[in-house]
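Please open the structure in your viewer and keep the selection panel at hand.

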Amino acid sequence: MQSRYLRKLRSLSSKLLIGFIINTFGCALFNTNLQAFEMVHIGFGQDKPPYVINEESGLEIDLVKAAFATQNTEVVIRLFPRKTLYQQVKKRLDGASSLTTKANDGLFYSTPYLVFFNVLVTKTENHIIANNVADLAGLRISSWQGASHLLGPELQNLIHQNHQIPTTYHEVNAQTQQISMLLTNRADALIIDRNIFRWYWLKLPDTDKFEYNIHQIFPRTSVYQAAFRTEELRDRFNAGLIAIRNNGT
């Protein structure tokens, strides 16, 4: 069952990822005068399978490596906690995957190419009703790093404002901790990408698997870009994205 799920997920994710490539780049992307890069160091957020499994594999890693391969560029993978990824590319890396644009920060952002599906997950046995973010008041929530800043003002208000029913909210770097917290009843609900949750759930021993509910209370998708320290490398990556879309990689 797991192998069929992963094959289906890889096919679906590939279509979704490539589907967000925007075909509006000028001839400058294919300028043969651009200096060739033999090797680039790219940072990725760690511990988010099936997108990033380790330094060798994952849907996100495969996509970035494939795009650069069309440009005769080898990628050296570096894994970091999500909260430090932005600073790593500002200081020392050539680029970083899975970031969102920040205005006037000196970095060069690619076309959007990566999609996450943020959902709320609860145990069926707990009978939690969550039709909107306000319904999370009073729950113990475990989420991924940065979610409170990227999933809208309603979630920020829930976390930071005083409520008659206090909410416990905790962000973790290692998303495997989220599954453990829900499994052991240390959290009532998870904010997590549905594919990441499914990956970890399938890894659980059969005796630990539990019935769960998926609540679609956040924007259905979050779209991310890569950030680079040079415009030339950004353009090279964008050209690679177009190339792999055109050749069906």
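**The sheet and its neighbours**

Begin by selecting the five strands that form an open sheet in the order β8-β7-β9-β6-β10, with mixed pairing; strands here are DSSP runs of E with at least two residues, helices are runs of H or I with at least four, and both are numbered from the N terminus. Two strands count as paired if DSSP finds at least two bridges between them. This is a predicted model, in which local features need pLDDT of at least 70 and side-chain atom pairs count only at pLDDT 80 or more, while totals for chains, interfaces and linings use all residues. Residues are numbered from 1 along each chain as its sequence is written, and side-chain values use heavy atoms, leaving out hydrogens and water.

Next, select β8 (168-172) and β10 (212-215), the edge strands, each of which pairs on one side only.

Now select helix α2 (residues 59-69) and helix α8 (residues 231-247), which pack at an angle of about 100° with their axes 7 Å apart; axes are lines fitted to C-alpha atoms, for helices over the stretch in contact, and angles run from 0 to 180 degrees between N-to-C directions. That makes α2 roughly perpendicular to α8, a term for angles of 65 to 115 degrees. To see the contact (heavy atoms within 4.5 Å), show Leu63, Val64, Ala66, Ala67 and Phe68 of α2 together with Leu233, Phe237, Gly240, Leu241 and Ile244 of α8.

Technical notes
Angles under 35 degrees count as roughly parallel, over 145 as roughly antiparallel, 65 to 115 as roughly perpendicular and the rest as oblique.
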